[in-house]
Amino acid sequence: MRHAEEKKAARLLAAKRRDSFPEQQRLAWSDTTCQQTVDWLQQRKEPMISSMMIYIPFRSELDTTLLIEWCWRNGISVIVPRCVKESHTMELYLLHAWDELVPGAYGIKEPDPATVKRWDLAVQLPDIVFVPGLAFDTRGGRLGYGGGYYDRFHDQLRLAAAEQGKQLPLWIGLGYEAQWADSVPMDEHDVAVDAVITEHGMTRGRAAWI
């Protein structure tokens, strides 16, 4: 019980702090972070990625717009989640344009399931998954929003990877440098990130081999 209260308090504090950053500062940090991410993708030794899963920004989250549009220009498939509120799970869709988004659960812009094509994990895994967060630590800790959507999705991803005999996609946080915490409270089911990218570049968490 104490740990649950600790996480709730940490979320409230981290959300208040992130919301306090001026909008223009957040946008500047976001643009630089997107460019840092592009630079990292272009410098990797592995073949260029063909797909990435990425969130649509909401409220004070780091804005992923520039990264998404760079993917579209370079023929990289952009996969975005849709929250299913009843089951606290996520469905994936292949996004081609901004006008394919409609208000969804919690007011977040999501793919319109009536018109946008579903992405089937059983057929193909995304090469990389970019995740939002309220706070991160250098050991790979990520403080989420408490709904468990990304943790449940990671379970789906792990099962699909095992069935296909493939490695899990990289699981990378996107955030502002000001979102670092000394230590993020984590439960057993919480998924650690492999790395975090901010406006200062990449900080490796549990995966020094990236």
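User: Which residue stands opposite Ser77 in β2?
Analyst: That is Ser51, and please keep in mind that this is a predicted model. Ser51 belongs to strand β1, residues 51-53, which is joined by three bridges to strand β2, residues 77-84, and the two strands run parallel.
User: OK, and which helix packs on the sheet with a direction about 130° from that of β2?
Analyst: Helix α3, residues 65-73, does so, and it touches β1, β2, β3, β6 and β9. Helix α4, residues 149-164, also packs on the sheet, touching β1, β2, β3, β6 and β9, but its angle is given against β3, with which its direction makes about 75°.
User: What order do the strands of the sheet have?
Analyst: The sheet is open, with seven strands in the order β3-β2-β1-β6-β9-β10-β11 and mixed pairing. The edge strands, each pairing on one side only, are β3 (89-95) and β11 (201-204).
User: Switching topic, how many residues are in the largest nonpolar core?
Analyst: There are 52, and those with the most contacts inside this core are Ile54, Leu67, Phe130, Phe153 and Trp171. The largest share of the core, six residues, comes from α4.
User: What does Phe153 touch?
Analyst: Leaving aside residues up to four places away in sequence, Phe153 touches Met53, Met90, Leu92, Leu121, Val129 and Trp171.
User: And which residues does the second core include?
Analyst: That core is separate and has five residues, among them Ala14, Leu134, Ala135 and Leu143.

Key
Residues are numbered from 1 along each chain as its sequence is written. This is a predicted model: local features need pLDDT of at least 70, side-chain atom pairs count only at pLDDT 80 or more; totals for chains, interfaces and linings use all residues. Side-chain values use heavy atoms; hydrogens and water are left out. Two strands pair if DSSP finds at least two bridges between them. Helices (H or I, at least four residues) and strands (E, at least two) are DSSP runs, numbered from the N terminus. Contact means heavy atoms within 4.5 Å. Axes are lines fitted to C-alpha atoms, for helices over the stretch in contact, and angles run from 0 to 180 degrees between N-to-C directions. A nonpolar core is a set of buried Ala, Val, Leu, Ile, Met, Phe, Trp, Tyr and Cys residues joined through side-chain atoms within 4.5 Å. Buried means under 20% relative accessible area, exposed over 50%, partly exposed in between (1.4 Å probe, protein chains only).
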